[in-house]
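Thanks for coming. I will go through one model today, starting with a loop and ending with the cores.

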Amino acid sequence: MARILILFAHPALEKSRVHRRLLTRVPPGVTLHDLYEAYPEFDVDVPREQALLLAHDLIILQHPFFWYSTPPLVKQWEDLVLEHGWAYGSRGTQLRGKWMINVLTAGGRAAAYHREGYNRFTVRELLAPIEQTARLCGMHYLPPYVIHGTHSLGEAAIEREADRYAAFLSALAADEYDLHALAPLPELDLDRLPPAREAAR
Ligand SMILES: Cc1cc2nc3c(=O)[nH]c(=O)nc-3n(C[C@H](O)[C@H](O)[C@H](O)COP(=O)(O)O)c2cc1C
């Protein structure tokens, strides 16, 4: 079983329609850590965060897309937690071999996130600083899992997204995906993924 840590960052969870629903479906065994709940004053507890990272294999940054990026507490978390000599540098090897992925919701539709589209870049391109940060720390980066067009999602569609996310998390936890095969994709589109294989028994 892969040990999964969700680092969740939403500064206004009380107004959220999509993440609030996704969180209710996180399977048992997956660690959910709400950064804004833990650090409303941005006073990130570095030893606690580093211990959490060490105890997991796959780190999910789950957040809404804000100005083509993450909410600011994720940046604060990176600045403080990913220390030289711990996460990177010649003696900073603690995160080597782990996996990182962004799971995000975006108001913009999928068609807008293309070279010829309204937003001119793909979501993966826009998240390049996080991908490169993960690589600098010796981690593997999975393509982003994006729920697009949130403003036009009705209740039933949000429920379907929550079902899909729950199934995705369960399959990840059971090592059902060949992560190295997924890594080059521009985005993790669950409708187009190779089917999760039977977990090795
Ligand atoms: C400050 C702010 C910035 C935003 N920036 C973007 C953006 O750059 N791209 C985008 O597609 N949506 C953007 N949105 C829309 C949010 O991503 C969207 O409302 C959110 O993902 C919906 O999830 P929720 O229901 O869990 O809040 C932005 C929203 C806010 C409040």
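Where is glutamate 41 found? Glutamate 41 is found in the loop between helix 2 and helix 3. Helices here are DSSP runs of H or I with at least four residues, strands are runs of E with at least two, and both are numbered from the N terminus.

Before going on, the conditions. This is a predicted model, where local features need pLDDT of at least 70, side-chain atom pairs count only at pLDDT 80 or more, and totals for chains, interfaces and linings use all residues. Residues are numbered from 1 along each chain as its sequence is written, and side-chain values use heavy atoms, with hydrogens and water left out.

Glutamate 41 is exposed, at 64% relative accessible area; buried is under 20%, exposed is over 50%, and partly exposed is in between, with a 1.4 Å probe and protein chains only. From glutamate 41 to leucine 73, 32 residues apart along the chain, the C-alpha separation is 9.4 Å.

Phenylalanine 42 lies in the loop between helix 2 and helix 3. Its phi is positive, about 65 degrees, although phenylalanine 42 is not a glycine. Its relative accessibility is 26%, so phenylalanine 42 counts as partly exposed.

Tyrosine 39 also lies in the loop between helix 2 and helix 3. Is tyrosine 39 buried or exposed? At 3% relative accessibility, tyrosine 39 counts as buried. Not counting residues up to four places away in sequence, tyrosine 39 touches His33, Val44, Asp45, Arg48, Glu49 and Leu73, where contact means heavy atoms within 4.5 Å. Tyrosine 39 and tryptophan 77 are 38 residues apart in sequence, and their C-alpha atoms are 9.7 Å apart in space.

One of the residues on that list, glutamate 49, has its place in helix 3. Glutamate 49 has a relative accessible area of 1%, so it is buried. With neighbours within four places in sequence left aside, glutamate 49 is in contact with Leu7, His33, Leu35, Tyr39, Val44, Trp77 and Val81. Which side chain makes a polar contact with the side chain of glutamate 49? That of histidine 33, at 2.6 Å. A polar contact is a pair of N or O atoms within 3.5 Å; within protein, one must be able to donate a hydrogen and the other to accept it, and residues adjacent in sequence count only if both atoms are side-chain atoms. Glutamate 49 and valine 81 are 32 residues apart along the chain, with 6.7 Å between their C-alpha atoms.

Now the helix pair. Two packed helices are described by the angle between their axes and the distance between the axes. The axes of helix 3 and helix 4 come within 10 Å and cross at roughly 90 degrees. That makes helix 3 roughly perpendicular to helix 4. Axes are lines fitted to C-alpha atoms, for helices over the stretch in contact, and angles run from 0 to 180 degrees between N-to-C directions. Under 35 degrees counts as roughly parallel, over 145 as roughly antiparallel, 65 to 115 as roughly perpendicular, and the rest as oblique. Helix 3 makes the contact through Val46, Glu49, Gln50 and Leu53, and helix 4 through Trp77, Leu80 and Val81. The residues of this contact divide into five nonpolar, one polar and one charged. In that count, Ala, Val, Leu, Ile, Met, Phe, Trp, Tyr, Cys and Pro are nonpolar, Asp, Glu, Lys and Arg are charged, and the others, Gly among them, are polar.

Proline 72 lies in helix 4. Proline 72 counts as partly exposed, at 47% relative accessibility. Neighbours within four places in sequence aside, proline 72 is in contact with Tyr36 and Phe42.

Last, the cores. A nonpolar core is a set of buried Ala, Val, Leu, Ile, Met, Phe, Trp, Tyr and Cys residues joined through side-chain atoms within 4.5 Å. The largest has 33 residues, of which Leu53, Trp77, Leu95 and Met100 touch the most other members. Elements that give two or more residues to this core include strand 1 (4–8), helix 3 (46–54), helix 4 (72–81) and strand 4 (99–105). Helix 4 gives the most, with four residues. A second, separate core has 32 residues, including Leu58, Val103, Phe168 and Ala173.
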